[in-house]
Amino acid sequence: MNTSLGAAAPTGAIVIDQVSKTFDRGDDVVRALVDVNLTFQEGTFVTLFGPSGCGKTTLLRILAGLEEMTAGTVSLFGETPAQAARAKNVAWVPQSAALLPWLSIRSNILLSQFVNRAADRMPAGDRKRIPEDPDKVLAELGLADFAHARPAQLSGGMRQRAAIARGFVQGAPLMLMDEPFSALDELTREAIRLRLLDVWEKNRKTVVFVTHSAPEAVLLSDKVVVMTPRPGRVHRVVDIDLPRPRSRAILESAAFIDKVREVQSILREGWEADE
Ligand SMILES: Nc1ncnc2c1ncn2[C@@H]1O[C@H](COP(=O)(O)OP(=O)(O)OP(=O)(O)O)[C@@H](O)[C@H]1O
Ligand SMILES: [Mg+2]
């Protein structure tokens with residue numbers, strides 16, 4: 001594995017350079033990612049979009065420092081994933097909210113801030129986090145009245161919003177979100193997407209998001225990375241140049257509908273090119 005960074009790795013960007021990942025399962029070897037190259041400036045909302053098994057979660061886990069790459073390098077604002085994870089410069093929003101059931105929503109969120117404070121003992125130069133006010137973020141996500149409720153007293157959509165709030169209050173410059181809305185019904189999903197959009201447009205941290213939904217990808221993102229089926233490669237990076245701030249009204253616009261079609265057709269094209 002090569003995790004060394006070139007001296008010129010820019011500190012204001014995420015650079016994924018020639019990253020490959022192979023899983024060795026004894027009798028068979030799975031090539032999950034092959035030669036992935038991506039660069040994003042700080043403050044970009046990026047979505048990984050591609051068929052099941054193309055390596056989206058694997059790439060996210062590499063960025064989070066949870067998985068080692070077989071080849072290549074990653075720079076997260078000048079740090080390796082392991083360094084960024086140690087300094088708590090990466091926040092992870094899981095598919096299931098994963099809240100502690102015996103704590104209130106507010107306490108769940110404060111706990112994650114408290115745990116991350118351990119990283120504050122690091123030299124100032126290693127700290128990039130700007131923790132946010134938990135009550136402000138809860139209010140922005142429509143949870144002010146439920147701050148003192150236990151997770152079991154919330155709906156699935158509200159729990160996911162709480163998980164997003166927990167991600168934001170950590171103040172990490174990079175947020176990784178792996179299909180955070182996949183367990184929700186379509187209406188709830190649409191509402192929560194718009195909430196996320198609203199909160200994100202106010203603070204614009206760098207997000208790498210995974211979804212199977214083209215409209216979700218287009219609504220939220222600055223860039224959609226369309227991947228090919230296994231082994232996962234980057235087929236195309238589509239710029240979503242729709243104006244911001246975006247709101248529900250954009251869903252009806254011809255520009256939005258065209259962009260969704262474009263992303264879907266690029267996905268099909270990547271699939272066919274791979275056959
Ligand atoms: N720990 C592991 N051991 C062996 N193979 C793995 C492991 N994790 C992932 N893989 C394989 O790597 C490939 C990519 O998996 P990954 O979970 O990254 O895909 P994905 O794009 O997130 O799929 P989905 O959309 O279904 O979540 C798959 O073929 C999977 O079987
Ligand atoms: Mg996955």
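**Side-chain contacts in a predicted model**

Visitor: What's the relative accessible area of Asp 135?

Guide: Asp 135 has a relative accessible area of 37%.

Visitor: OK. Which side chain meets Asp 135 in a salt bridge?

Guide: That of Arg 106, with 2.7 Å from N to O. The two partners come from distant parts of the chain, 29 residues apart: Arg 106 belongs to helix H3 and Asp 135 to helix H4, which covers residues 134-140.

Visitor: And Arg 106, is that one buried or partly exposed?

Guide: Arg 106 is partly exposed, with a relative accessibility of 24%.

Visitor: How many salt bridges does the count come to?

Guide: The count comes to 17 salt bridges. One of them joins Glu 67 and Lys 21, at 3.8 Å from N to O. This pair also links distant parts of the chain, 46 residues apart. Glu 67 is in the loop between helix H1 and strand E4, while Lys 21 is in strand E1 (residues 13-24).

Visitor: Lys 21, then: buried or exposed?

Guide: Buried, because its relative accessible area is 9% and the limit for buried is under 20%.

Visitor: What ring does the charged end of Lys 21 sit over?

Guide: The ring of Phe 23, and the charged end is 4.9 Å from the ring centre.

Visitor: Back to helices. Where do Lys 202 and Asp 198 lie?

Guide: Both are in helix H6, 4 residues apart, which is about one turn of the helix. Lys 202 is exposed at 54% relative accessibility, and Asp 198 is partly exposed at 37%.

Visitor: Which residues are linked in a network of salt bridges?

Guide: Glu 186, Arg 189, Arg 193 and Glu 216 are linked that way.

Visitor: New topic: rings. How many aromatic pairs are there?

Guide: The count comes to 3 aromatic pairs. One of them is Phe 45 with Trp 200, an edge-to-face pair with 5.4 Å between the centres and 85° between the planes. Phe 45 is in strand E3 (residues 45-49) and Trp 200 is in helix H6 (residues 186-203), so the pair links distant parts of the chain, 155 residues apart, with helices and strands taken as DSSP runs.

Visitor: Are Phe 45 and Trp 200 buried or exposed?

Guide: Phe 45 is buried, with a relative accessible area of 1%. Trp 200 is buried too, also with 1%.

Visitor: What kind of pair do Phe 45 and Phe 209 form?

Guide: A tilted one, 5.6 Å centre to centre with 50° between the planes. This pair links distant parts of the chain too: Phe 45 in strand E3 and Phe 209 in strand E7 (residues 206-211) are 164 residues apart.

Visitor: Why tilted?

Guide: Because planes under 30 degrees apart count as stacked and those over 60 as edge-to-face, and the angle here is 50°.

Visitor: And Phe 209, buried or exposed?

Guide: Phe 209 is buried, at 0% relative accessibility.

Visitor: Which residues form the aromatic cluster?

Guide: Phe 45, Phe 181, Trp 200 and Phe 209 form one cluster.

Visitor: Last one. What makes the nonpolar surface patch?

Guide: Leu 111, Phe 114 and Val 115 make a patch of about 270 Å². Val 115 is in helix H3, residues 105-116, and at 41% relative accessibility it is partly exposed.

Technical notes
Residues are numbered from 1 along each chain as its sequence is written. Chains are lettered from A and ligands numbered from 1 in the order in which they are written. This is a predicted model: local features need pLDDT of at least 70, side-chain atom pairs count only at pLDDT 80 or more; totals for chains, interfaces and linings use all residues. Side-chain values use heavy atoms; hydrogens and water are left out. Rings of Phe, Tyr and Trp (its six-membered ring) pair if their centres lie within 6.5 Å; planes under 30 degrees apart count as stacked, over 60 as edge-to-face and the rest as tilted. Helices (H or I, at least four residues) and strands (E, at least two) are DSSP runs, numbered from the N terminus. Buried means under 20% relative accessible area, exposed over 50%, partly exposed in between (1.4 Å probe, protein chains only). A charge sits over a ring if NZ of Lys or CZ of Arg is within 6 Å of the ring centre and within 35 degrees of the ring normal. Patches are made of residues with over 30% relative accessible area and no salt bridge: like charges are joined within 9 Å, nonpolar side chains (Val, Leu, Ile, Met, Phe, Trp, Tyr) within 5 Å. Accessible areas come from the Shrake-Rupley method with a 1.4 Å probe; for residues, only the protein chains shown count as cover. A salt bridge is a side-chain nitrogen of Lys or Arg within 4 Å of a carboxyl oxygen of Asp or Glu.
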